[in-house]
There are 2 protein chains.
Amino acid sequence: MKPTVQMIMDALIEPVGRLEKTVDTLKFGDPSMEVTGVVTAFMPTQHVIAQALAKKANLVIAHEGLFFSHHDSEITGGENRIGQAKHRWIEESNVAIFRFHDYWHRYMPDGITAGLIRELAWEPYVSLNYPAASFLNIPPSTLRDIVAHVKERLDIPHIRIMGDLDMTCTRIGMLAGYRGGGALAIPLFEQEHAELVIYGEGPEWETPEYIREAIRQGKRKALMVLGHAESEEPGMKALAVRLAAMFPSIPVHYIKESPLFQTI
Amino acid sequence: MKPTVQMIMDALIEPVGRLEKTVDTLKFGDPSMEVTGVVTAFMPTQHVIAQALAKKANLVIAHEGLFFSHHDSEITGGENRIGQAKHRWIEESNVAIFRFHDYWHRYMPDGITAGLIRELAWEPYVSLNYPAASFLNIPPSTLRDIVAHVKERLDIPHIRIMGDLDMTCTRIGMLAGYRGGGALAIPLFEQEHAELVIYGEGPEWETPEYIREAIRQGKRKALMVLGHAESEEPGMKALAVRLAAMFPSIPVHYIKESPLFQTI
């Protein structure tokens, strides 16, 4: 017998315990439906969902929201024809869509951050796991070599960085997703003496401006901005590996989207 | 007689009227000090302030905060050695620093947005000014040509875009600064039928994901992300022109910072 949507959700929630307030709900589909296959993805685009259906997978587990907003409420009733067309298409497809954001971030260590570190082949170098950050001690490498490694491992065509490319780094703070703000990133430099922080996305007037002043004050500091999706996709890839081990009776696939932007 | 810091602040605030709640306060210096020269800048880095002092300007008017945060309170007392060193250096320099953020955005039209449009030489094409956005009808141009024009006029080495470079655009929505979120940008597409929105900075999971789905649904939509500083610097340059006309007895300079990031 195949597992139901509810069984898979329960198994994923179990290590954390049910949260009172969370965006992680079943957005579409029937919890009692038998699951023929699972697709995990960072962003549940229509393209990803269509690929899931083509693979006969009827459950999509996605990290982000369906309608261009962290909270569901911001879209419902809004005049958004693109979102409305997507909504109708999903309803007609009978696919189940479960959002797995808050729980995955609450795993110990954070499933998204751990997936990113795994994709970078940096698991041996983790020295500390905080709830929102991980700290690494890598073998001494130049910033130039680290940039090349990250671009190659994560398949990122363009990356935004600050710092001297010839600077040697060993102490790296990792912040996946929208955790690049000063409140999380600056203490990694100030208290943990990070030389380099790698984050997904963050406000440009906070951490980057701190780094600019730090470099001008003669400090050996560097910053690398991956992009939000680029930093969190590997965590959803890692989730597929985990789910495949938990539910060997059903096929599990990870689907990666193309990059949002082209850089010109 | 030269104007005082207070006189210049009053003159800048006057068109809006005093706001009850604002970040626009005198951060350093004495309001009764006679002003020998003014420097305007987007970000009051130590480098910008040092250049002001070298020009014998004792008043810096900046759009953003001094300590890597929109609100002053988030830095005070924090363990931030970079910020503390900057704080001590400014105190010793006796320079006056006035933040001009909220008021300039409340001008009609918004001084920052108007400055951006002026720098792009697109003033003749403005069709509507909303408080947070302006709407333009430019002569039909391909996205490729618009990207080239924007990069050249604003001196931006790399720009992130979405959309077909051969697509012809006339209807453009402009959102300076951190106004790229879905709540502001999506209505420009949905209600105003923008073909292209140009913004400074915004959350990557909102407007860009909307654009991705819109393009996949066959809509002619495009997005251009300038960077926060890149989108707001021209507004502080325009402020220098305005101040020079208001206070002809003192020299007024605009100082542009270098870009935060290099793209690799």
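**A buried glutamate**

Analyst: Let's start with A:Glu233, which is buried, with a relative accessible area of 7%. Keep in mind that this is a predicted model.

User: Why does A:Glu233 count as buried?
Analyst: Because its relative accessible area is 7%, and buried means under 20%.

User: OK, and where is A:Glu233 found?
Analyst: A:Glu233 sits in helix α9 of chain A, residues 228–246.

User: Which residues does A:Glu233 touch?
Analyst: Leaving out residues up to four places away in sequence, A:Glu233 touches A:Phe42, A:Tyr254, A:Lys256 and A:Glu257.

User: What salt bridge does A:Glu257 meet in?
Analyst: One with B:Arg216 from the other chain: the two side chains come to 2.9 Å, N to O. The rule finds eight salt bridges across the interface of chain A and chain B.

User: Which helix gives the most to chain A's side there?
Analyst: That's helix α8 of chain A, residues 207–216, with seven residues.

User: How many residues does the contact take from each chain?
Analyst: It takes 58 residues from chain A and 58 residues from chain B. There are also 27 residue pairs in polar contact between the two chains.

User: How much area do they bury?
Analyst: About 5,400 Å² between chain A and chain B, with 55% of it on carbon and sulfur atoms.

User: New topic: the strands. How many bridges join β2(A) to β3(A)?
Analyst: Four, and the two strands run parallel. For example, A:Thr40 has A:Ile61 in β3(A) as its bridge partner. To get from β2(A) to β3(A), the chain passes through helix α2 of chain A (residues 46–54), and this β-α-β crossover is right-handed.

User: What does β3(A) pair with over four bridges in the parallel sense?
Analyst: Strand β4 of chain A, residues 96–99. There, A:Ile97 is the bridge partner of A:Val60.

User: Are the faces of β3(A) covered or open?
Analyst: Both are covered: A:Leu59 and A:Ile61 on one side, and A:Val60 and A:Ala62 on the other, are all buried.

User: Last one, over in chain B. Where is B:Leu66?
Analyst: B:Leu66 is in the loop between β3 (59–62) and α3 (81–93) of chain B.

User: Buried or exposed?
Analyst: B:Leu66 counts as buried, because its relative accessibility is 6%. Its contacts, not counting residues up to four places away in sequence, include B:Phe28, B:Ile49, B:Ile90 and B:Ile97.

Definitions and conventions. Residues numbered from 1 in each chain as written. Chains lettered and ligands numbered in written order. Predicted model: local features only at pLDDT ≥ 70, side-chain atom pairs only at ≥ 80, totals over all residues. Heavy atoms only, no water. Buried < 20%, exposed > 50% of the residue type's maximum accessible area, 1.4 Å probe, protein only. Pairing = 2+ DSSP bridges. Right-handed = clockwise from strand over helix to strand, strands pointing away. Contact = heavy atoms within 4.5 Å. Buried area = accessible area lost by both parts, 1.4 Å probe. Salt bridge = Lys/Arg side-chain N within 4 Å of Asp/Glu carboxyl O. Polar contact = N/O pair within 3.5 Å; in protein donor to acceptor, adjacent residues only side chain to side chain.
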